Amino acid sequence: MHTVVERELELKLVLSPERRIPVPARLGYLTDDPYAVHVTFHVDTEHPVYWTFARELLVEGVFRPCGQGDVRVWPTKTEGRSVVLMALSSPDGDALLEAPAAAVSAWLERTLRVVPPGTEGEQLGLDGELAQLFAQ
């Protein structure tokens with residue numbers, strides 16, 4: 001049986017230091033894809049925007065700057081609030097998103113209780129698949 005851990009929250013798209021636009025989003029974690037987190041941005045279009053990246057990247061990014069290339073994550077404070085910034089880059093453009101650190105941390109804690117770090121591979125069922133393959 002696979003488990004899904006989701007959290008709806010409002011992110012802020014950072015346009016400038018003075019200007020942010022609210023972006024409804026959903027954080028998702030699936031035990032059948034245990035190394036990844038999925039973020040769905042509900043923009044005002046027919047098709048939401050999806051991003052998938054390593055759960056480990058988000059876990060580390062809550063505490064210290066990390067990542068390179070398409071996804072970078074780091075903690076900071078904005079107007080006295082703790083936030084997590086996510087810089088996303090694709091051929092279609094770049095976005096800097098701000099998420100409330102407490103909400104992201106609480107959601108990550110739930111994912112870590114469901115699949116503790118270091119046990120992700122056990123969720124994939126590779127041992128059973130290999131045993132079945134070699135039994136033939």
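**A guided tour of the predicted model**

Of the contacts in the chain with a separation of 6 or more, 35% are between residues 24 or more positions apart; contact means heavy atoms within 4.5 Å. The model is predicted, with local features needing pLDDT of at least 70, side-chain atom pairs counting only at pLDDT 80 or more, and totals for chains, interfaces and linings using all residues. Residues are numbered from 1 along each chain as its sequence is written, and side-chain values use heavy atoms, with hydrogens and water left out.

**Whole chain**

Begin with a cartoon of the chain, which has four helices and eight strands; these are DSSP runs numbered from the N terminus, helices being H or I with at least four residues and strands E with at least two. From the N terminus on, the order is β-β-β-β-α-β-β-β-β-α-α-α. Of the 136 residues, 34% are buried. Here buried means under 20% relative accessible area, exposed over 50%, and partly exposed in between (1.4 Å probe, protein chains only).

**His-38**

Select His-38 next, in strand β3 (residues 36-41). His-38 counts as buried because its relative accessibility is 19%. Its side chain forms a polar contact of 2.9 Å with that of Thr-52; such a contact is a pair of N or O atoms within 3.5 Å, where within protein one must be able to donate a hydrogen and the other to accept it, and residues adjacent in sequence count only if both atoms are side-chain atoms. Leaving aside residues up to four places away in sequence, His-38 touches Arg-26, Leu-27, Gly-28, Leu-30, Asp-33, Trp-51 and Thr-52.

**Helix α2**

Move to residues 101-114, helix α2, and colour Ala-101, Ala-103, Val-104, Trp-107, Leu-108 and Thr-111, which are buried. They lie on the same side of α2, because they cover an arc of only 165° around the axis, taken from the directions from the helix axis to the C-beta atoms. Ala-102 and Arg-113, on the other side of α2, are exposed. The cover over the buried residues includes β1 (4-16), β2 (19-30), β3, α1 (55-61), β7 (81-90) and β8 (93-100).

**The largest pocket**

Finally, display the 13 residues lining the largest pocket, of which Phe-41, Val-49, Trp-51, Leu-88 and Ala-95 lie nearest its centre. A pocket is an open set of points on a 1 Å grid over the protein atoms alone where a 1.4 Å probe fits, with protein on both sides within 12 Å along at least five of seven lines; lining residues have an atom within 4 Å of a point. The elements giving two or more residues to this lining are β4 (49-54), β7 and β8. The largest share, four residues, comes from β8.
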